[in-house]
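Please look through the sequence and the structure below before reading on. The explanation is meant to be followed with both in view.

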Amino acid sequence: MRPLAGPKVMNLKKYLDNEFERALTALGQADATAVVKQASKPEFGHYQANGIMGAAKKAKKNPRELAEQVAEYIREGKLKDLLELEIAGPGFINIRLNTAFLCRELENMTSDNRLGVTRFASEKILIDYSSPNLAKEMHIGHLRSTAIGDAAVRVLEFLGHEVIRANHVGDWGAQFGSLLAYMDKLESEGAQLATELKDLEIFYQSASSLFKSDEAFAARAREFVVKLQSGDKKCLGLWSRFIEESIRHCQAIYDLLDISLTPGDVKAESAYNDMLDPTLAELEEKGLITLSEGAKCVFLDEFIGKEGEPIPAIVQKSDGGYPYMATDIAAAKFRGQELGVDQALYFVDGRQSLHLNQLYAIARKAGFISAEQNFRHIPFGTILNKEGRPFKTRDGGAVKLADVADEAVTRALSLIGDKNPDLTEDEKQNIARIVGIGAIKYAELSKNRKTDYIFDWDTMLSFEGNTAPYLQYAYTRIRSIFRRADTTPEGINHPFALIEAAEISLALKLLQYPETLESVIEDYQANILCNYLFEVSQLFMSFYESCPVLKADEATRGARLRLCDLSARTLQHGLGLLGIKTVEQM
RNA sequence: GCGCCCGUAGCUCAACUGGAUAGAGCAUCGGCCUUCUAAGCCGAGGGUUGAAGGUUCGAGUCCUUCCGGGCGCGCCA
């Protein structure tokens, strides 16, 4: 099949939508939208234009007649050799792309190292994500913000944006009192702090149980809070040793999980301490502060509570201390004015939506954020336990993130031992890590971020069905074909040929990579990309079963090898954007 | 009480933002390894989309009310 000449289309859906919109305009329906979408069923072709019915209604025309006119217009235009149209139902236009057209697009995609994805105009976008509290060990709840935020970072960067990773870790506040008091106690008892801090989890627990059981210790802990805030030298020394160690622990988890955060992305709460006084003074100057019950509050009309009373946002406590609202306002000011971001996206648990909406409103009112700057909360649901109750960090029921990761790698390792005993120990270890970590990240990423979901070890660590290992497995099957063929993708010059239904379905799906990425960032839903990659894998698996590659005749073999290669590239790239690696064998 | 989020197959989730007969994966049942890795493939069963109204050519999706769940709502973060 000879590829058609023509311009690069890249985003099929957008391209078709534009063409149908032009047809509508030419037919006098300038304000109508074409609403071209991927076909909901294979019988309806590849795409469908749903906007004709709405347009006909506005123009008081018969929808099927208008559809006929639009179809006629398209059939006579530049697309005439590229597709077939069919009017269906009350006024749908079903679109079927010709295989010659698909082949041409496959050539374009293959020759593009961005797989057909064009760059957007670049904005400066800050992503606030992960942001663990250093007074506690990272638990399973942190995985959502961390994995989803990191995927958003990678996708936005790939689309050409300048992304600032912001790890707003909690390193300040009352909960550090007992930790510092405990450090002080250990030191006075002659213990080696360095060794004690090696296992932070034990350290956290000891400090916390002492706080509960020992009155005198609790009192000292409260003293340490005051000392810390007043800048006591010795206290600050203890504090920074603790913070350093704690950040090291977080970084180890990020590295293990293939999260792209580095120590350089940490900008902790305490980094804004010097900004708190002047920021508050500015709020006061602008008349936003009201003194209420001894605390400095901001009341805004948008936030009304019971019986119409305004809800306060406390920016300074009656004891003079600053709550996290103050820090967050200072951070917003820094991001808005110093960094000058176009957007700041906060990937934070949905339960904080009131707090964040208050924050944005205050920062806006104070002039810290301009009208053009988009500050937005990207919320997600809570992780529940098997009984459907939220995990509580206090009740000891929280699952440590490090434990989940270890268990995933262990399970993967034992499975690899069964499936592929010939691999070396090093290979097994490496594959186990990539597969196990991929599985738990994908378990988070593949769900709609807004809904609560139930944590279950077996679901999260499953390696079958719609999971990362399934996608990774599809990739290894392709790589295996190339190993057996003893050739590289670059060495093949045969043109694409789409004959079997499985080949056409797979090809079309691959060509939809660009439009998929665009819909991912419409509302930062990584699950759209997961779904897409799963569909690519499913279609590849079908193709793999029904279309032999290596045993086919020379031309078919070449064409299929190229389709395999494009599948592999798309899978590897898409998984990469999710922060999940691929392996050559598993 | 007020506000936000949610309710889809036994379970976990989709449904491209108003489109055609609501789809996958687990689990269950039945087939497929002398053929490129069976972490796979092919097939079957499984639904009053929490309930009732409304908007219109057309509703899981939009509006109202109700039921059920989660979370917020002055000095924790």
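This is a predicted model: local features need pLDDT of at least 70, side-chain atom pairs count only at pLDDT 80 or more; totals for chains, interfaces and linings use all residues.

Residues are numbered from 1 along each chain as its sequence is written, and side-chain values use heavy atoms, with hydrogens and water left out.

Helix H3 spans residues 63-76 and has 14 residues; helices are DSSP runs of H or I with at least four residues, strands are E runs of at least two, and both are numbered from the N terminus. Asn 62 caps the N-terminal end of H3, with a side-chain oxygen 2.8 Å from the backbone nitrogen of Arg 64. Leu 66, Ala 67, Val 70, Ala 71 and Ile 74 of H3 are buried (under 20% relative accessible area with a 1.4 Å probe, protein chains only; exposed is over 50%, partly exposed in between). They lie on the same side of H3 because they cover an arc of only 135° around the axis, taken from the directions from the helix axis to the C-beta atoms. Glu 65 and Glu 76, on the other side of H3, are exposed. The buried residues of H3 pack against helices H1 (12-26) and H2 (52-59) and strands E3 (83-88) and E4 (92-97).

Arg 560 belongs to helix H21 (residues 554-577). Arg 560 counts as buried because its relative accessibility is 9%. Leaving out residues up to four places away in sequence, Arg 560 touches residues including Glu 500, Glu 503 and Phe 543, contact meaning heavy atoms within 4.5 Å.

Note on methods:
Chains are lettered from A and ligands numbered from 1 in the order in which they are written. The expected span of a helix is 1.5 Å times one less than its number of residues. A polar contact is a pair of N or O atoms within 3.5 Å; within protein, one must be able to donate a hydrogen and the other to accept it, and residues adjacent in sequence count only if both atoms are side-chain atoms.
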